[in-house]
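The following exercises concern the structure shown below. Each task is followed by a solution in steps.

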Amino acid sequence: MAAGRPRQFDYDQALDKAMHVFWEKGYEGASLPDLTEAMGINRPSMYAAFGNKEELFRKALQKYQTDAADLFKDLLDAPTLRESLERFLLGSAESFTCKERPSGCLAVHGALVGGDECSEAQLAAKESRDVITRLLKERCDRALDDGDLPAGTNTAYLARFYTTILNGMSIQSSSGVSCDEMRAIAKHALDALPTKE
């Protein structure tokens, strides 16, 4: 069997560039010319390597989510829940306002708006955001088991609350809110953490 023609580009590097286009412009705003120009490949090469635009978005989102989940697991690995959430929220504030990449979070900005043609992309972004909620719930459950939260604390609600704070910070950062303001938001959010009597 004859071997296919070898790729003339770096797959991971091209995917990383596509991820940044989706991150900056959103799924609907990222045109195929935007994507192929950033990736440095033509449209047939993009389709052959990554599939259509929706499949490319899913692959880019998966890459982003894998990196983000690893970072969040590390940030949440502190002795107390308060320390974990402080590291998580302050680390996110730094990340959302970093000048080396687009502001905010790809899973929030990528597919929040759009018509029916964006429904699969919106679902993929929701699934990505749900991973963060699950990681937060796991950390809250551990805190409850360790006696670091009051007995009877609804950890699902608490995880969803901090996911909502995180998503709101992401949206605020895209409006130009500074890192200092983000850090202040994070510190206020920590005041809502239930404490034992």
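Buried means under 20% relative accessible area, exposed means over 50%, and partly exposed lies in between, with a 1.4 Å probe and protein chains only. The model is a predicted one, in which local features need pLDDT of at least 70 and side-chain atom pairs count only at pLDDT 80 or more, whereas totals for chains, interfaces and linings use all residues. Residues are numbered from 1 along each chain as its sequence is written, and side-chain values use heavy atoms, with hydrogens and water left out.

**Exercise 1. Describe the largest nonpolar core and the contacts of Leu 56**.

Step 1. A nonpolar core is a set of buried Ala, Val, Leu, Ile, Met, Phe, Trp, Tyr and Cys residues joined through side-chain atoms within 4.5 Å. The largest one here has 58 residues, and those with the most contacts inside it are Phe 22, Leu 35, Met 39, Phe 50 and Leu 56.

Step 2. Helix H4 (residues 53–75) supplies the largest share of this core, nine residues. Helices are DSSP runs of H or I with at least four residues, numbered from the N terminus.

Step 3. Contact means heavy atoms within 4.5 Å. With residues up to four places away in sequence not counted, Leu 56 touches Leu 15, Ala 18, Phe 22, Leu 35, Met 39, Met 46 and Phe 50.

**Exercise 2. Determine why the pair of Tyr 11 and Phe 50 is stacked**.

Step 1. Rings of Phe, Tyr and Trp (its six-membered ring) pair if their centres lie within 6.5 Å; planes under 30 degrees apart count as stacked, over 60 as edge-to-face and the rest as tilted. The structure holds seven aromatic pairs.

Step 2. The ring centres of Tyr 11 and Phe 50 are 4.5 Å apart and the planes stand at 25 degrees, so this pair is stacked.

Step 3. Tyr 11 belongs to helix H1 (residues 11–29) and Phe 50 to helix H3 (residues 43–50), so the pair links distant parts of the chain, 39 residues apart.

Step 4. Tyr 11 counts as partly exposed at 23% relative accessibility, whereas Phe 50 is buried at 1%.

**Exercise 3. Characterise the surroundings of Tyr 27**.

Step 1. Tyr 27 and Phe 57 have ring centres 5.3 Å apart and planes at 70 degrees, so the pair is edge-to-face.

Step 2. Because Tyr 27 lies in helix H1 and Phe 57 in helix H4, the pair ties together parts that are 30 residues apart in sequence. Both Tyr 27 and Phe 57 are buried.

Step 3. Phe 22, Tyr 27 and Phe 57 form one aromatic cluster.

Step 4. A charge sits over a ring if NZ of Lys or CZ of Arg is within 6 Å of the ring centre and within 35 degrees of the ring normal. The charged end of Lys 53 sits over the ring of Tyr 27, 4.6 Å from the ring centre.

Definitions and conventions: Helix = DSSP H or I, 4+ residues; strand = E, 2+ residues; numbered from the N terminus.
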